[in-house]
Amino acid sequence: MPRSYGDPDRHSLPIHMRAIVAATELAQRLKLAPTMMDVITKQAHDVRQVGHPGWWMTYRINPAVTTSEVKIDSRGGPLRLRIYRPTGVAANAPIVLYIHGGGFMLGGLEACAWICGEIAAQTGAVLASVE
């Protein structure tokens with residue numbers, strides 16, 4: 001099983017922790033437990049958008065901002081980006097990358113649409129929000 005970028009060096013772990021890591025990896029290989037990548041990438045967008053929307057999610061995007069969506073390839077599969085572009089923005093305008101909180105479990109592009117639109121409109125920057 002390939003190690004991810006943030007995996008600890010096993011030899012630096014106490015023996016009981018090495019046994020736990022080995023047991024977890026065995027369970028994942030036998031499909032008895034999901035990998036973290038499975039948990040992150042296989043959750044449907046609708047599942048992450050559960051619950052009652054916060055007040056900021058019910059506001060409309062500033063009309064002085066246009067939006068477009070693109071998909072980019074990533075190690076965990078395709079990612080959606082929503083681009084917020086203020087009307088009349090210069091070609092050399094600054095770019096803001098907005099990464100919402102939620103640990104890939106909660107939230108998404110809809111949850112931060114209003115605030116991203118406001119940031120773009122009020123700063124004059126092009127904003128890219130990552131799902």
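1. Leaving aside residues up to four places away in sequence, Asn62 touches Gly117, Glu118 and Ala121, where contact means heavy atoms within 4.5 Å. Asn62 is placed in the loop between helix 3 and strand 1; helices (H or I, at least four residues) and strands (E, at least two) are DSSP runs, numbered from the N terminus. This is a predicted model, in which local features need pLDDT of at least 70 and side-chain atom pairs count only at pLDDT 80 or more, while totals for chains, interfaces and linings use all residues. Residues are numbered from 1 along each chain as its sequence is written, and side-chain values use heavy atoms, with hydrogens and water left out.

2. Is Asn62 buried or exposed? Asn62 counts as buried because its relative accessibility is 18%, the class being defined as under 20% relative accessible area with a 1.4 Å probe and protein chains only (exposed is over 50%, partly exposed in between). The side chain of Asn62 makes a polar contact with the side chain of Glu118 at 3.3 Å, such a contact being a pair of N or O atoms within 3.5 Å, of which, within protein, one must be able to donate a hydrogen and the other to accept it, and residues adjacent in sequence count only if both atoms are side-chain atoms. A polar atom of the Asn62 side chain also lies 2.9 Å from the backbone nitrogen of Ala64.

3. The open sheet has four strands in the order 1-2-4-3, with mixed pairing, two strands being paired if DSSP finds at least two bridges between them. Strand 1 (65-72) and strand 3 (95-99) are the edge strands, each pairing on one side only. Strand 3 runs parallel to strand 4 (residues 126-130), and five bridges join them; Val96 stands opposite Leu127 in strand 4.

4. The largest nonpolar core comprises seven residues, namely Val65, Tyr84, Cys112, Ala113, Cys116, Ala120 and Leu127; such a core is a set of buried Ala, Val, Leu, Ile, Met, Phe, Trp, Tyr and Cys residues joined through side-chain atoms within 4.5 Å. Helix 4 supplies the largest share of this core, three residues. Cys116 touches Tyr84, Tyr98, Leu127 and Ser129, again not counting residues up to four places away in sequence.

5. On confidence, the chain averages a pLDDT (the predictor's confidence in each residue, from 0 to 100) of 78, and 69% of the residues score at least 70. Among the elements of the chain, strand 1 has the highest mean pLDDT (95) and helix 3 (residues 45-48) the lowest (51).
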